[in-house]
Amino acid sequence: MSIEYINKYLRETEEIINKIDRQEIAKVISLLRSTRRKHGRIFILGIGGSAANASHAVNDFRKIAGIESYSPIDNVAELTAWTNDKGFEYIFVDWLKTSRLNKKDVVMILSVGGGTESTSKNLVLAMRYAKEVKARIVSIVSRSGGEALKLS
């Protein structure tokens, strides 16, 4: 690997970092502190590589931040049962319903695209349900942000 490639990569990374809205990060921190204070929970959802990040985030929010946190990704048996019985698009929304998601809780979406009607519809249905029960939605997304950007 050449130094030129490494320099290009680091320049692009710096450009991305500089585009991150620090005020939005501060809002999320405030929301998570409030969630912990009110004994709310965080439900972390992600597909593909973001599923691994969701599982890891549960650990950190529970252990480091002291916030009750869960991800359906960590229970393969239940995840595949929902997929088999209802279809992949319902895995998160039905799991949130069973978890009795409520207005004290936060749904955190980890997604590259943010979900649309044709990709990651399971995230979109979960976010719509979260809105319905007045849970808060936090999204960590890239690209255009998809539905997650609109619903967060």
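A nonpolar core is a set of buried Ala, Val, Leu, Ile, Met, Phe, Trp, Tyr and Cys residues joined through side-chain atoms within 4.5 Å. I keep in mind throughout these entries that the model is predicted.

Entry one, the main core. I looked up the largest nonpolar core and found that it has 24 residues, and that Leu45, Phe92, Leu96, Leu101, Val107, Ile109 and Met127 are those with the most contacts inside it. I then noted which elements give two or more residues to this core, and these are β1, α5 (91-98), β3, α6 (121-132) and α7 (146-151). The largest share, seven residues, comes from α6.

Setting aside its neighbours within four places in sequence, I find Phe92 in contact with Leu45, Gly46, Ile47, Pro72, Ile73, Asn122, Leu123 and Ala126.

I turned to β3 (residues 106-111) and saw that the strand is mostly covered, with six of its six residues buried. Val106, Met108 and Leu110 point one way from β3, while Val107, Ile109 and Ser111 point the other way.

Entry five, the partners of β3. I followed the pairing and found that β1 (residues 42-46) and β3 are parallel over five bridges, with Leu45 opposite Ile109. Strand β4 (residues 136-141) also runs parallel to β3, joined by six bridges, and here Ile109 stands opposite Ser139.

Terms used: Residues are numbered from 1 along each chain as its sequence is written. This is a predicted model: local features need pLDDT of at least 70, side-chain atom pairs count only at pLDDT 80 or more; totals for chains, interfaces and linings use all residues. Side-chain values use heavy atoms; hydrogens and water are left out. Buried means under 20% relative accessible area, exposed over 50%, partly exposed in between (1.4 Å probe, protein chains only). Helices (H or I, at least four residues) and strands (E, at least two) are DSSP runs, numbered from the N terminus. Two strands pair if DSSP finds at least two bridges between them. Contact means heavy atoms within 4.5 Å.
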